Amino acid sequence: MGHCCTVLLIVFLALQQAAGFWLFDVFPSSFKTQNKVSNNSTPPVLIVPGTAGNQLEAKIDKPSRVHWMCYKKTDDFFTLWIDLNMFMPIGINCWIDNIRIVYNRTTRKSSNSAGVSVRVPGFGQTYTVEFLDNHKLSGENNHNEAIFSYVFFLISLNEMSPFPGYFNNMVTHLVNMGYVRNEAVRAAPYDFRVAPNEQEEYFARLKKLIEDMYERDQQPLYILGHSMGSNYILYFLYQQTQAWKDEYIKGFISLGAPWGGAIKTLRVLASGENLGIPLVSNIKIREQQRMTTTNPWMLPFEEVWPTDHVFISTPLFNYTRQDYQRFFKDIDFEDGWFMWEDTRNLTAGLPPPGVEMYCFYGVGLPTPVTYIYDDQFPNADPIDYVYADGDDTVDSLSLSLCKRWRGKQAQPVHVKEFRSMPHMEIVLNRKVINVVQSILEGRYGEEDSTLMN
């Protein structure tokens, strides 16, 4: 009885800590699959998820281990993201050592940790973006302990990271429209630890997948991206000829894209952020958050913010977009500076994508644009914040940069703002999904540029 009460208390506290998320998605989805026949009249859809928005698997044969309880060798691949044991006191050390990348300043390339092979399962399929765990914890018939495990995981994520049950509502809705999973609606998951400059193989597979979908349905398709996935799509489109885009791409639907980067990334790299996860400090989770090349890529873009805007304020120095090199030196993460140099120009200037664009994002929510620290920086949490408008994760200045493309390309650019729409909820929200449906059915209207959530 005492154990049960303790678990319930922890779950209650976790729910309080995670109040900003769609926790009711823990319970059975309101989007039920209905019996529908395949409908070939609507264009196919390809989903590209946001950061941490698809599963990863690993196989290990390591020369050493960080703790005697960590596996040193496995016979087969196992789930690396998401493994719900990863945030346990010892498990997190094993997980960080398995998922981290190693950056080489000489070659300017990244690699897996020694003895670790990482792969992205389910390329071309939707399951890996619908649910991020193999147990589908946001689905039906879950036991209480599964719900607890899910909540325990959920509050650990920064708000740029999706959670189990991620694209399931969207895909289920498309299936109810007549789409068939892994045929007319597919997904292109990727290794979200690695920035686009090292993803040649992925982009080649992405191009082939688009062409295969075109050949199957004999019509161009829509690419739908969320968060950083939209930045990936934009980079990909820059590499294609206009003739190729005209033939294969019907349109590009972006949800909550940080076109100009995200200020929150600076806070994550400086002091980490665990959003109240029990037993794991911000500094500990910071180890993993620094071990990607995508986080430095997502620093606020130079051409977006004024030179005097302070992102990080400390008693000794105020960091603006002109001070990134000093920032990385002061937080003792100088590899980050080289990673940023490698990626800073991948979408420089943000030229238009050259396809019909549907840019949707949330507004009307307080979003930090300056993090204020005391003299314990960077090894302590911010003590205060300066807020501006945004979707609670990305500021509206970055989100709205797609407006620049109006009149700059031959194809239309449609922009729709959703009032009080959080960064994660935009993927799950019925109103947004219905607007996506209207695009696919060819009846999208411009009458409301700002919709209430």
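A residue is called buried here when its relative accessible area is under 20%, exposed when that area is over 50%, and partly exposed in between, with a 1.4 Å probe and protein chains only. By that criterion, 59% of the 453 residues of the protein chain count as buried. The model is a predicted one, in which local features need pLDDT of at least 70 and side-chain atom pairs count only at pLDDT 80 or more, while totals for chains, interfaces and linings use all residues. Residues are numbered from 1 along each chain as its sequence is written, and side-chain values use heavy atoms, with hydrogens and water left out.

The protein chain holds 16 helices and 16 strands, taken as DSSP runs (H or I of at least four residues for helices, E of at least two for strands) and numbered from the N terminus. If a contact is defined by heavy atoms within 4.5 Å, then among contacts between residues at least 6 apart in sequence, 77% join residues at least 24 apart.

Two strands are said to pair if DSSP finds at least two bridges between them. Strand β12 (residues 357-363) pairs with β15 in the parallel sense over 7 bridges, and Met-357 has Val-413 as its bridge partner in β15. Of the 7 residues of β15 (residues 413-419), 6 are buried, so this strand is largely enclosed by the rest of the structure.

A separate description applies to the open sheet of 4 strands, ordered β11-β10-β13-β14 with mixed pairing. Its edges are β11 (318-319) and β14 (384-390), each of which has a single partner strand, so one side of each is left without a neighbour in the sheet. Strand β13 (residues 365-372) pairs with β14 in the antiparallel sense over 7 bridges, and the bridge partner of Leu-365 in β14 is Gly-390.

Leaving aside residues up to four places away in sequence, Phe-360 touches residues including Ile-253, Leu-255, Lys-416, Phe-418 and Tyr-444.
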